[in-house]
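Please keep the sequence and the model side by side as you read.

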Amino acid sequence: MALFVSTYINKVDRKGRVSVPAQFRAALNIPAQPVFVLYPSFTLSAIEGCNVDFLEKLADSTSTSFDLFSTEQEDINTLIFSVSHQLTCDPDGRVVLPEEIMAHANITEQAAFVGKGKTFQIWEPEALKAHTAAARARAMQNRPQISLRASPAAEEK
């Protein structure tokens, strides 16, 4: 799976169309017509984006991490799957953002596509600046540590 990296700010037209960055379309790993999923973040004023494979893994994880019909499983299903939109780019690499998720992220004239590794987010550019500044301040204070682990594919060799 290719990774979503970097940040790209693209114009949104009056119809809600925006160009998906070419690098993101390539990371979606579907050359003909990139299909992907968008849903409103339930923790941020942003839109979460991923490919269908990632959403399937998330669905598998929720069904094994929570008891069937538990409040936690119901909340995740409601906050992710019930509000998700499966979208396809047009031949020019554009997509129409659904109105309700544009409103959630306060996106009007520009959209910032932000790589998050295996997923991506779409932000209103000024809100992204504030979010990034807050994340940088937390990181400077907390100094997070990351343990590098071998990928499952590397472990099989």
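A word on the model: it is predicted, so local features need pLDDT of at least 70 and side-chain atom pairs count only at pLDDT 80 or more, while totals for chains, interfaces and linings use all residues. Residues are numbered from 1 along each chain as its sequence is written, and side-chain values use heavy atoms, leaving out hydrogens and water.

S4 belongs to an open sheet of six strands with antiparallel pairing, in the order S1-S7-S8-S4-S3-S5. Strands are DSSP runs (E, at least two residues), as are helices (H or I, at least four), numbered from the N terminus; two strands pair if DSSP finds at least two bridges between them. The edge strands, S1 (7–11) and S5 (85–88), each pair on one side only.

| Pair | Bridges | Facing residues |
|---|---|---|
| S3 and S4 | five bridges | Val-37 and Cys-50 |
| S4 and S8 | three bridges | Gly-49 and Phe-120 |
| S1 and S7 | five bridges | Asn-10 and Ala-111 |

Helix H2 (residues 52–65) packs on the sheet, touching S3, S4 and S5 (contact means heavy atoms within 4.5 Å). A hairpin of six residues links S3 to S4.

Terms used: Axes fitted to C-alpha atoms, helices over the stretch in contact; angles between N-to-C directions.
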